[in-house]
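Dear colleague,

I am passing on the structure that we spoke about, with notes on what was found in it. Please read the notes alongside the model.

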Amino acid sequence: MDRIAQRMFGLGTETAFEVLARAKGLEARGRDIIHLEIGEPDFDTPANVVDAGVKALREGWTHYGPSAGQMIAREAIAENFSAERGVQVGPENVVITPGAKPILFYSVLALVNPGDEVIYPDPGFPIYESVISFFGAKPVPLPLREDRQFTFDLADLEARVTDRTRMVIVNSPHNPCGSMLSRGMLEQIAELAERRDFWVLADEIYSRITYEEPHESITQFPGMLDRTIVVDGFSKTYAMTGWRLGYGIVPRDVEPHISRLMTNSNSCTASFTQVAGIEALRGPQDDVDAMVAEFRRRRDRMVEGLNAIEGISCVKPKGAFYVFPNVKELGLRSVELQDRLLEEAGVASLAGTSFGPEGEGYLRFSYANSLENIEKALGLIGNLLQKV
Ligand code: PLP
């Protein structure tokens, strides 16, 4: 008997978790490691949000709730989304899930048929390609270009759209490159979506972590709310990765299907975390502002420090908390460099190829670590590269 179902062999993963495990293994053997591989804020959840969660537990928000989420939390999310994006949505457009990731999974499951094509950014969040393939659709990578500040060429997108294109995934601010799509580009993507009739999955999980210009949502363009699934959540903005609280903004006719997937898989998202989420959205935003200001300082130091190392050049990212330096001049494969940095220099990073073949020749560093550690890491990277 084959113990494992055949479909499991088509399911990918996130190498970030593997590198983290290797780094932890080295630490267990006494090595000092600076963690620049992890995609989560190093800040604590704001105290007012923690207090609201504890209060909610004591008040008895410990039971099952509706699959789409508690109505009061859906209302708070709809209100927040409408105010931030300038697009009117109601609670019936909101489905709350344990983290943002399930929305990616459910959207492809609910909207894409086997054999359909889905266009996604390369390099990009590895879960996109993984779920597209898992559900029998054809993943169609869209290369991001360093000379376009890691956005794509619209002609490249248009050339990939066929009669089988069912969905296009965009992610802005972008993991792993920190790039952002301008209003003008989004408008053209929206126009193409209307003309060629496809779904847009807009992963806006980093929408609050921007430095140069405000985030723009594709939902602002006419007709787009009706053909877009927005992925967002609390993990990054409110440093709540472990609470597992995310949501999708979806068209009304899609909501029952995503909710039914929730009923079949999770039943519902933990009730007390949703109540804490309301406080996150409606309470003071000072902690978010302070975190973003600190990320900006680290980004600036990281970009400056990396560009000062021979053989590395680094575009200044506009959002999220990652840099994606070009290391092609060093003449090593990205994975080799990732391994040598970890084992010889004690700096954990991710090879650009963890995010797709177009990531060859790049590394991803997360600057969700203290300025002091970033400074140390820059020194260690510089020393190692002198030997390469
Ligand atoms: N989308 C992107 C681009 C991400 O980087 C992440 C997390 O790393 C997620 C979605 C998932 O977020 P969550 O932890 O809320 O599931």
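Helices (H or I, at least four residues) and strands (E, at least two) are taken here as DSSP runs and are numbered from the N terminus. The model is a predicted one, in which local features need pLDDT of at least 70 and side-chain atom pairs count only at pLDDT 80 or more, while totals for chains, interfaces and linings use all residues. Residues are numbered from 1 along each chain as its sequence is written, and side-chain values use heavy atoms, with hydrogens and water left out.

I begin with Val347, which is found in strand S10 (residues 347–348). Val347 is buried, with a relative accessible area of 0%, where buried means under 20% relative accessible area, exposed over 50% and partly exposed in between (1.4 Å probe, protein chains only). If neighbours within four places in sequence are set aside, Val347 is in contact (heavy atoms within 4.5 Å) with Ile34, Leu36, Leu341, Leu342, Phe365, Ala377, Leu380 and Ile381. One of these contacts, Leu380, is 33 residues from Val347 along the chain, and the C-alpha atoms of the two are separated by 7.5 Å.

Helix H5 (residues 126–134) is mostly covered, as seven of its nine residues are buried, namely Pro126, Ile127, Tyr128, Ser130, Val131, Ile132 and Phe134. These buried residues pack against H4, strand S3 (117–122), strand S4 (138–143), strand S5 (165–171) and strand S6 (199–203). Following H5 comes Gly136, with a positive phi near 80 degrees.

Two packed helices are described by the angle between their axes and the distance between the axes. Helix H4 (residues 101–111) and helix H8 (residues 255–265) pack at an angle of about 115 degrees, with their axes 10 Å apart; axes are lines fitted to C-alpha atoms, for helices over the stretch in contact, and angles run from 0 to 180 degrees between N-to-C directions. On the H4 side the contact is made by Ile103, Tyr106, Ser107, Leu109 and Ala110, and on the H8 side by Ile258, Leu261, Met262 and Ser265.

Beyond H8, Thr269 lies in the loop between H8 and H9 and counts as buried at 2% relative accessibility. The side chain of Thr269 reaches the backbone nitrogen of Thr97 at 3.4 Å, a polar contact (a pair of N or O atoms within 3.5 Å; within protein, one must be able to donate a hydrogen and the other to accept it, and residues adjacent in sequence count only if both atoms are side-chain atoms). Outside the four places on either side in sequence, Thr269 is in contact with residues including Met262, Arg244 and Gln274.

Ser271, in helix H9 (residues 271–282), is also buried, with a relative accessible area of 4%. Its side chain reaches the backbone oxygen of His63 at 2.7 Å, and, not counting residues up to four places away in sequence, Ser271 touches Trp61, His63, Tyr64, Gly65 and Gln70.

A polar side-chain atom of Arg244 lies 2.8 Å from an oxygen atom of the ligand, and for a polar side-chain atom of Asn175 the distance to a ligand oxygen atom is 2.8 Å. Lys101 contributes through its backbone, with an N or O atom 3.0 Å from an oxygen atom of the ligand.

With best wishes
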